[in-house]
Amino acid sequence: MEDRNPRARLLELAGSKGVSLAALSGLLGRNTTYLQQFVRKGSPRRLEERDRHQLAAFFGVSESELGAPEFHGEQATAAQSSRRTAAPWIDVPRLPLGASAGPGAFPAEETPVGQLRFSRRWLTQQGFEPAVLTVIAVEGDSMEPTLHDGDEILVDRTPRPLRAGIHVVRIDGVLLVKRLEPAAAGLVRVISDNAAYGRSEYPLADVEILGRVVWKGGRI
């Protein structure tokens with residue numbers, strides 16, 4: 001009988017990193033409720049080996065803490081060899097949320113509609129945590145020529161103090177992708193790169209910063 005409780009340990013690890021079970025499920029390329037069901041309902045009874053390995057690597061812990069059997073001797077050597085052959089990529093969940101670069105659009109559900117594959121090595125080199133990355137599409141032309149309608153953007157949702165750059169924000173319930181600059185007296189400047197659009201200033205408290213745009217991809 002197991003002394004450890006992998007469900008409780010997973011909750012503890014997620015809490016220590018401030019990462020939701022939904023985000024971790026997305027890291028695995030699963031439905032956002034996958035790990036919630038594992039923890040709360042015991043389904044599946046055990047994590048699949050691939051999922052367990054990826055979570056252990058993300059948290060920097062032994063797979064045994066997440067329910068893997070402990071091996072000795074030749075079994076341990078074989079297990080270590082298996083870990084070395086882990087997939088060299090990460091599938092980042094793509095959400096059906098259009099971050100409007102024009103007049104604005106309201107978000108829909110947050111169930112992934114697919115994934116976009118990135119090199120594990122590249123993500124590590126950039127200092128990104130896969131569990132807090134999301135891919136969404138740009139809608140509209142207000143960020144041209146930097147971002148075009150239909151571009152895919154990689155959004156880093158790591159909570160950080162505001163610094164100048166392109167972000168996904170929610171203002172008055174509308175999801176937008178805009179360039180932000182800190183302004184005086186607790187204000188933030190919200191800028192469209194397209195000169196045909198204006199710029200505005202808002203109290204920082206009125207701008208919900210959902211993440212920083214760290215990569216873009218699109219048609220030429």
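**View 1. Ring pairs join Phe118, Trp122, Phe128 and Trp215 into a cluster.** Rings of Phe, Tyr and Trp (for Trp, the six-membered ring) pair if their centres lie within 6.5 Å; planes under 30 degrees apart count as stacked, over 60 as edge-to-face and the rest as tilted. This is a predicted model, in which local features need pLDDT of at least 70 and side-chain atom pairs count only at pLDDT 80 or more, while totals for chains, interfaces and linings use all residues. Residues are numbered from 1 along each chain as its sequence is written, and side-chain values use heavy atoms, with hydrogens and water left out. The structure holds 3 aromatic pairs. In one of them, Phe118 and Trp122 have ring centres 6.1 Å apart and planes at 20 degrees, so the pair is stacked. Phe118 is buried, with a relative accessible area of 8%, where buried means under 20%, exposed over 50% and partly exposed in between (1.4 Å probe, protein chains only). Trp122 is partly exposed at 27%. Phe118 also pairs edge-to-face with Trp215, at 5.0 Å centre to centre and 85 degrees between the planes. This pair links distant parts of the chain, with Phe118 in strand 2 (residues 114-119) and Trp215 in strand 9, 97 residues apart. Helices (H or I, at least four residues) and strands (E, at least two) are DSSP runs, numbered from the N terminus. Trp215 is partly exposed, with a relative accessible area of 29%.

**View 2. Strand 7 (residues 187-191) is joined to strand 6 (residues 174-182) by 4 bridges.** Two strands pair if DSSP finds at least two bridges between them. Strands 6 and 7 run antiparallel, and Pro182 has Val188 as its bridge partner. The two strands form a hairpin with 4 residues between them, and Ala185 in the turn has a positive phi of about 55 degrees. Strand 7 is also joined to strand 8 (residues 199-203) by 5 bridges, again antiparallel. There, Arg189 has Glu201 as its bridge partner. Arg189 also forms a salt bridge with Glu181, the closest N and O atoms being 3.2 Å apart. A salt bridge is a side-chain nitrogen of Lys or Arg within 4 Å of a carboxyl oxygen of Asp or Glu.

**View 3. Arg94 and Glu152 meet in a salt bridge of 2.9 Å, N to O.** The pair links distant parts of the chain, with Arg94 in strand 1 and Glu152 in strand 4 (residues 152-156), 58 residues apart. Arg94 is partly exposed at 24% relative accessible area, whereas Glu152 is buried at 19%. The side chains of Arg170 and Glu208 meet in another salt bridge (3.2 Å, N to O). Arg170 lies in strand 5 (residues 165-171) and Glu208 in strand 9 (residues 208-217), so the pair ties together parts 38 residues apart in sequence.

**View 4. The largest nonpolar core has 30 residues.** A nonpolar core is a set of buried Ala, Val, Leu, Ile, Met, Phe, Trp, Tyr and Cys residues joined through side-chain atoms within 4.5 Å. Leu10, Leu24, Leu35, Leu55 and Phe59 touch the most other members. Leaving aside neighbours within four places in sequence, Leu55 is in contact (heavy atoms within 4.5 Å) with Leu10, Leu24, Leu28, Leu35, Leu47 and Leu66. Apart from this core lies another, of 12 residues, among them Val138, Ile166, Leu175 and Val177.
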